[in-house]
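Q: I have a protein model open and I'd like to learn how to read it. Can you walk me through it?

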Amino acid sequence: MNTIGKLYTLTSFGESHGEALGGVIDGCPAGLPLSVDEIQYELDRRRPGQSSVTTSRTEEDRVEILSGVFEGVTTGAPIGFIVRNKDQRSRDYDEIKDLFRPSHADYTMQAKYGIRDYRGGGRSSAREHVVRVVGGAVARQILKRLGIFVHGYTSQVGPIVLNKTYHELNLEETDANVVRCPDSVVAGEMELFIRKVQEEQDSVGGVVSCVIRGVPVGVGEPVFDRFQARLGYYMMGINAAKGFEYGEGFHAASMRGSEHNDAFVMRNGQVRTLTNHAGGVLGGITSGEDIYFRVAFKPVATIGQEQQTVNCFGKEVTFIARGRHDPCVVPRAVPVVEAMAAMMVLDMMLEAGKVPSRV
């Protein structure tokens, strides 16, 4: 399953230490003036080596468009692209090529296929996300023309939580710091905590929150393809994602109906709600309100401490992982969450007939 989407589809190929990663976008409407600079901007937000709290692997992540664009405008044909790998250090993995690293896909890939690319995780590496970011960046340019915007941000790192709703934040400040938290005080605490964990040769998880504004009423396909079900599918396909909730999420379990219900009102001639505990989705169909959700990410599996494992010969051993890795994946996961959300929304908008064949 290397293709995602029904009408707006992305097919991904490549490995972490291969020559390049790449993809094919199909279903992009014709007539879109495609800005490569905007695609590159999103790739720069995700790329490694961007700060001292991310992996030191240095990649330019320059996108090369191969097809589907003529004189800067999409033709409606498949958009092929690649992003070349330039700073892979495969020798870092020679010592562990026969080991099954804890919480990695080494064992399951070997068990399923009988072969695996041990260099940086191969196909199961989060480096594959560059392809998704490109697919999302193209989708965002279409959504922007439809008045739809996706904003993600870091709302938790380990025990440090941003206890504010997105209404209380200036989301334009998300990229003003290295952890991508739109609250400078909390961001400082998060950064210090990540550095502490990094010094201890350990890692930490966290949460990315995201809000989608401007999606019209009526998007979603009950009963088995509800809007939130598809959104969860896209989010849980991200490496290291461990949980997804939308609206009040798990907090709704402790609320009463009188607290959770969103009363309907008329506003400017339109049916709206006084509150939005439902997160912009009712019965699997968008209500026209903001769609907000959260994705929980586990701690990065590769740490610099001694760990116990088993090798491919069935022997129990201990090892210390080498190489360059993030102490916390969350800051770099923000643009990935946004990209996946953008592709998912565009796909369901196309399915609902709410996107013209030419944009």
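Q: Which residue in β17 does F244 stand opposite?
A: Strands (E) are DSSP runs of at least two residues, numbered from the N terminus, and two strands pair if DSSP finds at least two bridges between them. Here F244 stands opposite V295 in β17. The strands β12 and β17 (residues 291–297) pair in the antiparallel sense, over 5 bridges. This is a predicted model, where local features need pLDDT of at least 70, side-chain atom pairs count only at pLDDT 80 or more, and totals for chains, interfaces and linings use all residues. Residues are numbered from 1 along each chain as its sequence is written, and side-chain values use heavy atoms, leaving out hydrogens and water.

Q: In what order do the strands of the open sheet come?
A: There are 5 strands, ordered β10-β9-β11-β17-β12, with antiparallel pairing. At the edges stand β10 (160–161) and β12 (241–246), each with a single partner strand, so one side of each has no neighbour in the sheet.

Q: How much of the protein chain is buried?
A: Buried means under 20% relative accessible area (1.4 Å probe, protein chains only). Of the 359 residues in the protein chain, 49% are buried.

Q: And what share of the contacts join residues at least 24 apart?
A: A contact means heavy atoms within 4.5 Å. Take the contacts between residues at least 6 apart in sequence: 72% of them join residues at least 24 apart.

Q: What size of box do the C-alpha atoms fill?
A: Along the principal axes, the box is roughly 70 × 50 × 40 Å.

How values were computed
Buried < 20%, exposed > 50% of the residue type's maximum accessible area, 1.4 Å probe, protein only. Helix = DSSP H or I, 4+ residues; strand = E, 2+ residues; numbered from the N terminus.
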